[in-house]
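Take a moment to look over the model below. We'll walk through it piece by piece.

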Amino acid sequence: MKTVSKIVVIDKEKCIGCALCTKVCPVTAISKAEGSARYYEVDEKICSGCGFCVAQCSQKAIRVMKREQSVKVGIMNVEVTEEIKEICRKAHMYPEQMVCFCHLVQAKEIAAAILQGARSPEDISRLTGARTGCGVLCISGIIRLLRAAGIELTKAPGNQWYGMDVSIWNIPESIREKYPEYFLEEDLRLIKEYFPEGGEK
Ligand code: SF4
Ligand code: SF4
């Protein structure tokens, strides 16, 4: 859950319509202004105030402002249903596991967002506020949860990156056997012991 207290505004006198800001927005809040062939504008309702776009603008056309009233983004009091447990189990995560450390978004909240219709990391960000802090650490966990729910992602929009960390679950058996000095088989056995429900995906 994130409390959004900032917003950005684009000065249309300065904007040259290069669209670079649109390529980094984690919630896809920036688009061409209605009726304009040139300048861009921000959807105030969904801007998370992360400021990623500000650094992209060579014209210094994007200004950060304080919202008149802060808004809370997230799914509150998530009940851990069997469906949520199933998504987390397939992703090898506990429902209470923290995925986005910047805004304290847990695996169960992301699973709830998926059950509410989120189909991409951008949808997850709009519903939970995840990925609008450092913008780096949580993408891997978000992708694992989306895949666990059967959602395969295509290319990330703009200049964003759907990067996955390699986890013990993704290392093929042939590699685990080839490098016994790294004790990968032993690690996997131990992890399966601590995640007894964690089936192979
Ligand atoms: S990066 Fe700046 S100049 Fe380019 S479209 Fe966005 S606001 Fe306009
Ligand atoms: S501040 Fe963040 S969420 Fe808002 S428009 Fe810029 S990149 Fe998008």
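Predicted model: local features only at pLDDT ≥ 70, side-chain atom pairs only at ≥ 80, totals over all residues.

Residues are numbered from 1 along each chain as its sequence is written, while chains are lettered from A and ligands numbered from 1 in the order in which they are written.

Let's start with the ligands. Ligand 1 has 14 residues around it, and Cys15, Cys18, Cys21, Cys57 and Ala61 come nearest. Around ligand 2 there are 14 residues too, with Cys25, Cys47, Cys50, Phe52 and Cys53 coming nearest. (Being near means a C-beta atom, placed from the backbone, within 6 Å of the molecule.)

Now for helix 3, residues 107-115. Helices here are DSSP runs of H or I with at least four residues, numbered from the N terminus. Eight of this helix's nine residues are buried, so helix 3 is largely enclosed by the rest of the structure. Buried means that 20 or more other C-beta atoms, placed from the backbone, lie within 10 Å of the residue's own. Lys108 and Glu109 are among the buried ones.

One packing partner is helix 5 (residues 139-148), at an angle of about 45° and with the axes 10 Å apart. Axes are lines fitted to C-alpha atoms over the stretch in contact, and angles run from 0 to 180 degrees between N-to-C directions. In helix 3, Ala107, Ile110, Ala111 and Ile114 meet Ile142, Leu145 and Leu146 of helix 5, contact being C-beta atoms, placed from the backbone, within 7 Å.

Conventions. Helix = DSSP H or I, 4+ residues; strand = E, 2+ residues; numbered from the N terminus. Contact = placed C-beta atoms within 7 Å. Buried ≥ 20, exposed ≤ 12 C-beta atoms within 10 Å, placed from the backbone.
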